[in-house]
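Me: I'm new to this one and would like a close look at a single part. Please pick a spot, walk me through what surrounds it, and then show me how the rest is arranged.

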Amino acid sequence: MQYIPNILFIIALAAGVGYFTLNIRKIIRNIKLGHEVDASNHTSERWGNVVRIALGQSKMVVRPIPGLLHIIVYVGFIIINIEVLEIIIDGIFGTHRVLSTVLPIGLYNFLIASFEILALLVLVGVILFWTRRNIQKIKRFWANEMTGWPKNDANYILYFEMVLMILFLTMNAADQQLQTLGAAHYVEAGSYPVSKFIVPFFSNLSEATLIAIERGAWWLHILGILVFLNYLYFSKHLHIILAFPNVYFGKVVPKGKFKNLDSVTNEVKMMMDPNVDPFAAPAEGATEAPAKFGASDVTDLSRIQLLNAYTCTECGRCTSECPANITGKKLSPRKIMMDTRDRLEEIGKNIDKNGEFKPDGKQLLDDYITREELWACTTCNACVEACPVSIDPLSIIMDMRQYLVMEQSAAPTELNVSMTNIENNGAPWPYNQMDRLNWKDEN
Amino acid sequence: MAEYMAQGKQPEILFWVGCAGSFDDRAKKITKAFVKLLNKANIDFAVLGTEESCTGDPAKRAGNEFLFQMQAMTNIEVLNGYEIKKIVTACPHCFNTIKNEYPGLGGNYEIMHHTQFLKSLMEEGRLKVEGGKFKGKRITFHDPCYLGRANGEYEAPRELLQKLEVELVEMKRCKSRGLCCGAGGAQMFKEPEPGKKDINVERTEEALETAPKIIAAACPFCNTMMTDGVKAKHAEDNVQVLDVAEMIANAEDL
């Protein structure tokens with residue numbers, strides 16, 4: 001009988017980790033629906049970015065207040081995980097505060113004290129985040145795409161973190177009182193600079209009640225963490241994991257450098273080479289259908305772009321820097337990322353259900369992202385610059401424009417006019433190429 | 001350039017004028033101002049003249065990769081034919097395209113934006129610039145996206161302005177967070193999508209908040225957009241929009 005808690009714990013842990021792994025595999029499968037890109041170059045620069053941008057949060061502090069709050073929550077999250085390690089060992093083996101028996105007690109006390117201080121800071125940080133979102137109503141959290149699920153999702157995450165921190169501190173407070181009472185199993189260990197202020201509320205409680213509170217908080221805390229872990233997949237919060245690979249795979253060439261399509265290069269080279277036989281039969285084995293130019297659905301995008309979509313945590317810094325969005329146009333780079341993920345998830349569910357993708361008559365273009373949004377972009381790179389985790393919404397906009405222009409000839413009329421001008425007279429305006437040097441003799 | 005080639009000479013630089021610099025009345029003034037500076041510094045330069053063609057930037061940003069690559073390859077053939085090594089241009093869009101997108105198609109050149117080139121001339125002592133009539137004037141600088149964010153050059157134009165001893169005031173959104181003028185991504189050649197406001201008006205309002213005498217620009221398209229913005233705000237009597245090169249040339253009444 002005495003092993004029942006251990007067994008229950010192991011079952012809960014296995015279920016939590018197992019389901020999470022299952023969903024992570026789904027994410028990987030979905031990302032692999034995109035086409036491969038070679039990102040084997042610039043290795044040292046990529047690692048540098050991971051250290052600076054992801055670990056070092058360099059882009060977060062561009063906006064100092066949320067940046068600082070985020071660093072607190074982030075550092076707290078990472079360091080408090082050491083405590084979770086102890087909880088897991090205790091849970092499996094039925095020990096209590098096992099690290100206090102292996103680590104020097106001074107170090108253990110120091111660790112517990114720092115967890116407590118961080119927990120308090122995280123709690124304060126998260127409450128301020130909530131206030132910014134719901135009381136201060138900061139504009140980027142109230143944009144058009146931030147209604148319904150995205151809005152609730154953001155708040156649920158904050159509530160989760162608040163509850164977890166409160167449980168953690170309650171557990172420690174009850175533990176202290178039990179240590180004072182000399183309860184069996186409760187080793188005297190730890191230093192509690194924060195939760196000691198909760199202890200007075202527990203001073204009149206019996207040992208049994210205290211154990212119930214301590215165990216209750218302990219269980220709810222670890223179960224809460226497991227539930228939160230699994231909530232990630234359904235929420236916008238995956239950035240806590242994906243930010244690191246995403247930054248690694250982020251753009252390492254100048255932002256102004258847009259990729260040249262190789263398929264087009266081949267065509268153009270053929271056109272310009274007088275030795276090419278236009279009627280030549282395709283080479284043996286070249287049965288591959290010509291690739292589609294640009295993107296109309298998520299499967300036309302690259303794996304990095306799809307990883308971008310899963311990484312986006314909908315903070316809206318991109319949108320709040322976007323000149324089109326600022327001036328009231330429909331385009332929102334954040335919505336581009338959210339739409340991409342939503343469509344990818346839809347395709348993923350379709351595959352789950354049917355074993356393979358069954359055409360559903362939908363696509364990213366028009367069903368999610370409208371042409372009006374795509375044509376409002378000035379390609380100014382403000383969104384790319386603003387993203388704290390190196391997401392590139394502009395690349396998706398560009399790929400979709402390429403589809404519109406090269407597959408559908410569906411550019412806005414004025415653009416067609418200037419493109420015709422470029423073709424005919426080498427300038428976007430209808431001037432004669434022979435007049436190019438006229439400025440030389442004008443005054 | 002053909003003349004240089006015929007004489008078997010190579011100029012120090014090729015000045016890539018660009019479509020705006022060749023045809024747009026406002027931008028032609030920038031071209032001429034820059035040429036005056038080149039002459040003053042005794043730079044041996046050439047232009048492609050009628051052999052120059054659009055770099056393909058607006059086509060590429062509009063999604064017409066095909067037209068872009070046609071333009072690019074044609075230009076590269078011409079440039080390579082003349083064995084061009086070093087190009088300077090007064091247009092950040094041409095600059096970006098030649099710098100970043102031509103190498104992949106066989107066009108490898110040393111390319112500089114005119115503000116970078118002028119800065120290097122001053123550092124080498126080949127061009128002297130003094131405050132002249134702009135000394136102490138309140139001036140704000142609008143970062144072109146394709147010079148700044150796209151290629152990380154924020155300082156060259158500012159250093160030139162400092163050489164002019166102006167009082168440089170920054171806008172709320174500047175450098176890496178500078179707001180676009182609204183022309184990029186081929187927007188110059190189409191009407192904007194429906195919204196509350198035009199982007200150039202938004203940006204001009206921001207510039208006017210700094211109460212400048214001059215809004216300095218470093219891109220012919222930004223120049224047009226900001227000039228239109230200033231007109232829309234009926235501020236053209238008090239505020240001028242000038243390219244950094246024009247300012248340097250005007251400072252000395254060249």
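## A covered helix, and a sheet in the other chain

Reply: Let's start with helix H10(A), which is mostly covered: eight of its nine residues are buried. Keep in mind that this is a predicted model, so the confidence score is worth a glance too. Helix H10 of chain A, residues 303-311, has the highest mean pLDDT among the elements of that chain, at 98, while helix H9 (residues 262-272) of chain A has the lowest, at 85.

Which residues of H10(A) are buried? They are Ile304(A), Gln305(A), Leu306(A), Leu307(A), Asn308(A), Ala309(A), Tyr310(A) and Thr311(A). The cover over these buried residues includes four other helices of chain A: H1 (4-31), H8 (239-248), H13 (333-354) and H17 (393-407).

Now step back to the chain around this helix. Chain A holds 18 helices and zero strands. Its radius of gyration is 28 Å, well over the 22 Å that the globule rule gives for 443 residues, so chain A is more spread out than a compact globule. The C-alpha trace of chain A spans about 95 × 60 × 40 Å along its principal axes. Of the 443 residues in chain A, 39% count as buried. Among contacts in chain A with a separation of 6 or more, 79% come from residues 24 or more positions apart. As for confidence, the average pLDDT of chain A is 93, and 97% of its residues score at least 70.

For another kind of architecture, turn to chain B. Here you will find an open sheet of four strands in the order E6-E5-E7-E8, with parallel pairing. Its edge strands are E6 (167-168) and E8 (240-243) of chain B, each pairing on one side only.

Let's go through the sheet pair by pair. Strand E5 of chain B, residues 138-141, is joined to E6(B) by two bridges, and the two run parallel. In this pair Arg138(B) stands opposite Glu167(B) of E6(B). To get from E5(B) to E6(B), the chain passes through helix H8 (residues 155-163) of chain B, in a right-handed β-α-β crossover.

E5(B) also runs parallel to E7(B), with three bridges joining them. There, Phe141(B) stands opposite Ala216(B) in E7(B).

One of the pairings to find on screen is Ile215(B), whose bridge partner in E8(B) is Val241(B). Helix H11 (residues 244-251) of chain B packs on the sheet, where it touches E7 and E8 of chain B, and its direction makes about 95° with that of E8(B).

How values were computed. Residues numbered from 1 in each chain as written. Chains lettered and ligands numbered in written order. Predicted model: local features only at pLDDT ≥ 70, side-chain atom pairs only at ≥ 80, totals over all residues. Pairing = 2+ DSSP bridges. Contact = placed C-beta atoms within 7 Å. Axes fitted to C-alpha atoms, helices over the stretch in contact; angles between N-to-C directions. Rg over C-alpha atoms; globule rule 2.2 N^0.38 Å. Buried ≥ 20, exposed ≤ 12 C-beta atoms within 10 Å, placed from the backbone. Right-handed = clockwise from strand over helix to strand, strands pointing away. pLDDT = per-residue confidence, 0-100.
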